Amino acid sequence: MENLIKINSAYNSLDKLYGALKNESGYECSKTYDTWDHRVDANGQMEQCLVLKKNSMHAVKMFFTNEDTVKVNHVIPSKVMNAYFGKSVKARRNIIEILTGTVSQALLKGPQNKAFEELEQVVRKATV
């Protein structure tokens with residue numbers, strides 16, 4: 001689940017967007033390194049993103065794709081929960097990862113979509 005959102009020019013940096021989301025949303029917002037996708041900048045340093053967290057299973061991370069567009073992705077913010085229920089990109093997975101991946105896709109898809117849409121609306125409201 002991901003979406004691109006055009007934002008107001010007043011929120012054209014992670015710091016400004018972080019301030020708006022922290023003040024205007026009722027959810028926990030944090031600025032952190034992108035450990036989900038391991039994006040790096042031109043200098044080889046890990047890039048930062050914003051995480052808007054609903055609970056330990058549902059959050060969205062956002063980062064700028066250009067100066068007025070933010071890419072919003074659903075993530076599982078808890079490192080332990082993400083290890084078991086997140087999308088594994090390893091070439092070889094053990095049986096527990098395979099089973100929890102199947103359970104995750106079957107049982108969690110509806111709640112994840114609902115949480116993603118809810119958090120996406122919060123981002124849209126804060127950046128208008």
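Visitor: What share of the contacts in the protein with a separation of 6 or more comes from residues 24 or more positions apart?

Guide: In this predicted model, residues 24 or more positions apart account for 51% of the contacts with a separation of 6 or more.

Visitor: Which elements does the protein have, and how do they run from the N terminus on?

Guide: There are 4 helices and 5 strands. From the N terminus on, the elements run β-α-β-β-β-β-α-α-α.

Visitor: What is the order of the strands in the sheet?

Guide: The order of strands in a sheet is read across the sheet, strand by strand. Here the sheet is open, its 5 strands have the order 1-5-4-3-2, and the pairing is antiparallel.

Visitor: Which strands stand at the edges?

Guide: Strand 1 (2-6) and strand 2 (28-33) do. Each has a single partner strand, so one side of each is left without a neighbour in the sheet. From one strand to the next, the twist averages 30°.

Visitor: How many bridges pair strand 4 with strand 5?

Guide: Strand 4 (residues 59-66) and strand 5 (residues 69-75) pair over 7 bridges, in the antiparallel sense. The two strands form a hairpin with 2 residues between them. Individual partners can be named: Asn-66 has Thr-69 in strand 5 as its bridge partner, and for Lys-61 the bridge partner in strand 5 is Asn-73.

Visitor: How many residues are in the hairpin that joins strand 3 to strand 4?

Guide: That hairpin goes through 5 residues. Strand 3 and strand 4 also pair in the antiparallel sense, over 4 bridges. Lys-53 stands opposite Ala-59, which is in strand 4.

Visitor: Which strands does helix 1 touch where it packs on the sheet?

Guide: Packing is read from contacts, and direction from an angle. Helix 1 (residues 14-24) touches strand 2, strand 3 (48-53), strand 4 and strand 5. The direction of helix 1 makes about 160° with that of strand 2.

Visitor: And which strands does helix 4 touch?

Guide: Helix 4 (residues 109-126) also packs on the sheet, where it touches strand 1, strand 3, strand 4 and strand 5. The direction of helix 4 makes about 10° with that of strand 1.

Visitor: What percentage of the residues in the protein is buried?

Guide: Buried residues make up 36% of the 128 residues.

Visitor: Why does Ile-95 count as exposed?

Guide: The cut-off for exposed is over 50% relative accessible area. Ile-95 counts as exposed because its relative accessibility is 58%. This residue lies in helix 3 (residues 95-107).

Visitor: Which residues form a nonpolar patch on the surface with Ile-95?

Guide: Ile-96, Ile-98 and Leu-99 form the patch with Ile-95, and together the four have about 380 Å² of accessible area.

Visitor: What does the accessible surface of the protein come to?

Guide: The accessible surface comes to about 7900 Å². Carbon and sulfur atoms hold 52% of that surface.

Terms used
Residues numbered from 1 in each chain as written. Predicted model: local features only at pLDDT ≥ 70, side-chain atom pairs only at ≥ 80, totals over all residues. Heavy atoms only, no water. Patch = residues over 30% accessible without salt bridge, like charges linked within 9 Å, V, L, I, M, F, W, Y side chains within 5 Å. Areas by Shrake-Rupley, 256 points an atom, 1.4 Å probe, with all protein chains shown as cover. Salt bridge = Lys/Arg side-chain N within 4 Å of Asp/Glu carboxyl O. Buried < 20%, exposed > 50% of the residue type's maximum accessible area, 1.4 Å probe, protein only. Pairing = 2+ DSSP bridges. Axes fitted to C-alpha atoms, helices over the stretch in contact; angles between N-to-C directions. Contact = heavy atoms within 4.5 Å.
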